[in-house]
Amino acid sequence: KTYRVRIEPSGHTFDVAGNETVLEAALRAGFTLPYSCRNGSCGTCKGKILEGEVDYGVYEAKALTQEERAAGKALFCQAVPRSDLVIEAKEIGLVKNIPIKLLPARVVAMVRRAHDVMVLSLKLPQTERFKFLAGQYIDILLKNGARRSFSLANPPQQDNTLELHVRHVPGGMFSGHVFAQMKEKDLLRFRGPLGIFFLRESERPAILVAGGTGFAPVKSIVEDAIARGDTRPLHVYWGARARRDLYLDDLPRRWVRDHPHIRYIPVLSEPSADDVWSGRTGWVHEAVLADHPDLSGCEVYASGPPPMVEAIRASFLARGLPEDRLYYDSFEFAH
Ligand code: FES
């Protein structure tokens with residue numbers, strides 16, 4: 001059965017077939033609603049159902065509270081229509097002309113940058129040009145039908161390459177495979193680009209906060225800004241446990257050397273006893289707060305595990321950051 005959905009206030013309509021979610025169908029039709037995790041855990045895709053019925057799907061209670069649901073809200077990454085719908089959601093215009101593709105890619109290099117981080121370089125078929133916005137992610141499609149999301153770490157000017165930073169999760173199905181069996185020339189399948197984590201057009205200073213391999217999209221964003229000659233102030237904070245976890249520490253140091261508008265502040269939460277470290281310590285969000293008592297004139301882009309993003313949300317909004325200038329990419333480490 002096919003249902004029709006109308007988005008307000010744009011008035012755009014699209015069809016939803018079978019058991020597709022509202023979000024999947026919207027993306028397929030070329031309309032980008034806000035979303036990030038697509039797992040029912042981050043709450044980014046929350047919107048209002050003005051008319052009609054949905055199956056709410058499976059989600060975490062913190063992503064959609066009982067009160068919100070009672071007030072007509074739903075998570076569009078999970079909600080499946082049970083009738084025609086009218087929904088209220090703001091569309092993200094910038095990603096509109098970027099098709100989401102299903103493509104093969106070949107592993108051309110694997111470089112272990114830390115004890116638990118592998119940098120994978122993938123090449124697309126020669127004729128393919130892959131359009132994306134710096135900061136977006138792809139889904140690697142596994143043989144058993146599961147998917148694993150990874151941010152693209154290379155800038156979009158490199159449109160035939162994909163660079164992924166894979167963190168090894170003990171017992172993880174995909175990351176375990178990457179660290180144990182994967183070899184150069186292996187073929188993968190992926191779908192993308194996905195997500196709405198990208199630098200918005202503005203002159204304001206942007207504070208980019210990365211946790212662990214959340215550095216990947218930040219790298220793409222900064223390299224893209226450099227390639228475009230954009231001199232907007234960029235403050236890069238990278239939080240990691242110990243020194244060895246800043247797996248590309250040289251690179252942001254080079255950015256700073258060559259570009260006066262870029263700053264780099266690495267922050268270690270648990271420096272190990274033999275780390276030679278005179279830099280900042282503690283939680284990365286606290287370092288940002290110490291440097292920026294007033295965040296009302298900034299934009300913040302945060303990429304890292306959910307506890308980091310949640311700490312940022314709570315503490316930064318209290319320091320004057322408007323909610324609509326906090327962009328985040330919250331991910332559970334892909335297993
Ligand atoms: Fe729907 Fe995260 S909860 S995108």
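In the predicted model, strands β18 and β19 pair in the parallel sense, with 5 bridges between them. Across this pairing, Y301 stands opposite Y327 of β19. Of the 5 residues of β19, 4 are buried, and the strand is thus mostly covered.

Four positions in α7 are buried, namely M308, V309, I312 and F316. Viewed down the axis of α7, these buried residues fall within an arc of 95°, so they line one face of the helix. An α-helix has 3.6 residues a turn, so residues three or four places apart point the same way. On the face of α7 turned away from the buried side, the exposed residues are P307 and A314. The buried residues of α7 pack against both strands of the unit, β18 (299–304) and β19 (326–330), and also against β14 (206–211), β15 (234–240) and α6 (284–291).

Helix α6 shows a one-sided arrangement of its own. Its buried residues are V284, H285, A287 and V288. Seen down the axis of α6, they fall within an arc of 155°, so they line one face of the helix. The elements that cover the buried residues of α6 include α7, the strands β14 and β15, and also β16 (262–268) and β17 (280–281). Strands β14 and β15 also pack against the buried residues of α7.

The loop between β17 and α6 contains W283. This residue has 18 C-beta neighbours inside 10 Å and therefore counts as partly exposed; the threshold for a buried residue is 20 or more. Leaving out residues up to four places away in sequence, W283 touches G239, S269 and A311. W283 is 229 residues from V54 in sequence, and the two C-alpha atoms are 40 Å apart in space.

Apart from neighbours within four places in sequence, T2 is in contact with D15, V16 and A17. T2 and N19 are separated by 17 residues in sequence and by 9.2 Å in space, C-alpha to C-alpha.

Over the whole protein chain, 7 helices and 19 strands are assigned. The C-alpha trace spans about 60 × 50 × 40 Å along its principal axes. The radius of gyration of the protein chain is 20 Å, which agrees with the value near 20 Å for a compact globule with 335 residues. Buried residues account for 41% of the 335 residues. Among contacts in the protein chain with a separation of 6 or more, 68% are between residues 24 or more positions apart.

Methods:
Residues are numbered from 1 along each chain as its sequence is written. This is a predicted model: local features need pLDDT of at least 70, side-chain atom pairs count only at pLDDT 80 or more; totals for chains, interfaces and linings use all residues. A residue is buried if 20 or more other C-beta atoms lie within 10 Å of its own, exposed if 12 or fewer, and partly exposed in between; C-beta atoms are placed from the backbone. Helices (H or I, at least four residues) and strands (E, at least two) are DSSP runs, numbered from the N terminus. The arc is that of the directions from the helix axis to the C-beta atoms. Two residues are in contact if their C-beta atoms, placed from the backbone, lie within 7 Å. Two strands pair if DSSP finds at least two bridges between them. The radius of gyration is taken over C-alpha atoms; the globule rule is 2.2 Å times the number of residues to the power 0.38.
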